[in-house]
Amino acid sequence: MTARKAEPEALTMATPTAVAEDTEKGERSLKGLYVITFFLGIGIWTLSAVLSRNALIPTPIDVVASFAELIANGTLWGHTVTSLSRVTTGFLLGVALAIPAGFLMGWYWLARGLLEPWIQFFRTIPPLALIPLVIVILGIGETAKIFVIFLAAFLSCVLATFQGVRNVDITLINAARVLGAKDFTIFTRVVIPASTPFIFVGMRVALGASWATLVASELIAAPTGLGRMMQQAAQFLQTDRIVVGIIMIGALGFIMDRLLLLAERRLTRWQETR
Amino acid sequence: MPLISIKNVTKIYNTERGRTVSLDNVSLDVEQGEFITLVGPSGCGKSTMLNLVGGLLMPTSGQVLVNDEPVKGPGPDRGVIFQQYALFPWLTAQENVEFGLRLQKVPKKERAERAMHYLSLVGLQDFANALPKELSGGMKQRAAIARAYAVHPSVLLMDEPFGALDALTRVQMQDDLLETWEKEKRTVVFITHDVDEAVYLASRVVVMSPRPGRISEIIDVPLAYPRGEEIRLSPEFAEIRARVWRGVHHHE
């Protein structure tokens, strides 16, 4: 019997070497395609902006110029920091509450019976639909915005965590029990690690939901923030500035998602990949 | 005094489709150091019997005694080895073996030494730092055997441990298990539906029949350990094998 030793970083860890090499080749040619499609996209954008003869459709050059201007006058930085801190606060609060709530629901029937109906109900309501009510009650300050983001993050993460706990292999729990583990140990040493992959899925969905909610909440009433910046630009028909906002939101969301993915890969490296 | 004593045990499952009598008034004594195999078709209650001794199930009526104490739940005095290996996938082989020792608050240094001892016993000393996904099926099951051995149980309960392995690996694993067992004797109760495996490993084969689950026959295997190919191919082996075969298939 020989062990199939694979590189720890490779995605195809359980597969024999020959297959792994094939996949690597595939990834290399994909990277080339990524570069090609990037320039292709920019090209199509430029072409359609120029051909449309519509001054309101900005070319990539307009956007880059606008980007440079916003950096030079220092406003972009301020808007970005505000938005980023709103998303991060709401997201972290939501996830911090969702993980214990999901664990409770998965482990105790009492918690499940009391919490699940509410979560299932609120889950079907887009958090944006709550904004009018939240504004009336919490005002238009930071609390209101962070609350809506928090809610969006919480609702998308709590069910994933709950599913993770429900899906823990009963044989692993039995294996711990026969080695002498009691409930608390089973929970901390088996249930938590076993549901980590599910929690990460929930966190990534929660992050997407947080960004989606942020922009909407800033469009309504905010002194600063990327959403506010775009709203303001719209009033002056500065479409190039709007596109800068869109790209910033996309890029920040993408970077945060990649960071989560990186953490997930590190923490769930033990998973069998098929 | 027998190490394991199963006394008039009945186990009934109440399911949506009605009552299933999994074990019907079964009694069995297992002596210290015996290697018992339970063989029979599916539905004969052999897994139920193992789980009752393991404390993962409670009898509907009757009593299960281990070391003269009624079984109240699972405990480290009875190690269980599952068909699905049940290694914790986020722990390395060594960390898996140390899991039970950690629960017993064994100091770190001794924990590592004991883990390495049992990993070497099953031939996995070079794979201490490997994750379960990096091990083959047979290696995973060896790691699980080392994990069960490490907490020094008086009984090892094995639930079709080689059922998911290919035929060649399986024969190898049987030889390795006997070798390990002879180095560190434990009382073993081993479930299988493979007649060859049942006879090759056991000092006594318990043949069970289904619906309701009962012990239909107990066959002694008076073949000396250590066993090897010459035993596997001997006429004595063939004769006992034939008796067990008839016992198992007579009831189907």
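Strand E1 (residues 4-15) of chain B runs antiparallel to E2(B), and the two share 9 bridges. Pairing here takes at least two DSSP bridges between two strands, while strands (E, at least two residues) and helices (H or I, at least four) are DSSP runs numbered from the N terminus. Within this pair, B:Ile6 has B:Leu28 of E2(B) as its bridge partner. The two strands belong to an open, antiparallel sheet of 4 strands in chain B, ordered E2-E1-E4-E5. Its edges are strand E2 (18-30) and strand E5 (69-70) of chain B; each has a single partner strand, so one side of each has no neighbour in the sheet.

All of this comes from a predicted model, in which local features need pLDDT of at least 70 and side-chain atom pairs count only at pLDDT 80 or more, whereas totals for chains, interfaces and linings use all residues. Residues are numbered from 1 along each chain as its sequence is written, and chains are lettered from A and ligands numbered from 1 in the order in which they are written.

The other sheet of chain B to look at is also open, with 6 strands in the order E6-E7-E8-E3-E9-E10 and mixed pairing. Strand E6 (78-81) and strand E10 (214-220) of chain B sit at its edges with a single partner strand each, so one side of each is left without a neighbour in the sheet. From one strand to the next the twist averages 20°, with axes being lines fitted to C-alpha atoms (for helices, over the stretch in contact) and angles running from 0 to 180 degrees between N-to-C directions. Helix H4 (residues 137-150) of chain B packs on this sheet, where it touches E6 and strand E7 (155-159) of chain B, and its direction makes about 175° with that of E6(B). Contact means that the C-beta atoms of two residues, placed from the backbone, lie within 7 Å.

B:Thr37 stands opposite B:Val205 in E9(B) and opposite B:Phe190 in E8(B), while B:Val39 has B:Val207 of E9(B) as its bridge partner. As for burial, 5 of the 5 residues of E3(B) are buried (20 or more other C-beta atoms within 10 Å of a residue's own; exposed is 12 or fewer, partly exposed in between, with C-beta atoms placed from the backbone). Both faces are covered, with B:Phe35, B:Thr37 and B:Val39 on one side and B:Ile36 and B:Leu38 on the other.

Chain B as a whole has 8 helices and 10 strands. Its radius of gyration is 18 Å, close to the 18 Å that the globule rule gives for 252 residues, so chain B is as compact as a globular protein of that length. The radius is taken over C-alpha atoms, and the rule is 2.2 Å times the number of residues to the power 0.38. Along the principal axes, the C-alpha atoms of chain B fill a box of roughly 50 × 45 × 40 Å. Buried residues make up 47% of the chain, and of the contacts in chain B with a separation of 6 or more, 70% join residues 24 or more positions apart. The C-alpha atoms of B:Lys109 and B:Val26 are separated by 44 Å.

Between the chains, 28 residues of chain B are in contact with 21 residues of chain A. E6, helix H2 (93-103) and H4 of chain B each supply at least two residues of the chain B side. That side divides into 17 nonpolar, 8 polar and 3 charged residues; Ala, Val, Leu, Ile, Met, Phe, Trp, Tyr, Cys and Pro count as nonpolar, Asp, Glu, Lys and Arg as charged, and the others, Gly among them, as polar.

Chain A averages a pLDDT of 85, and 89% of its residues score at least 70; pLDDT is the predictor's confidence in each residue, from 0 to 100. Over residues 1-22 of chain A it stays under 50. Where pLDDT is low, the predicted coordinates should not be read in detail.
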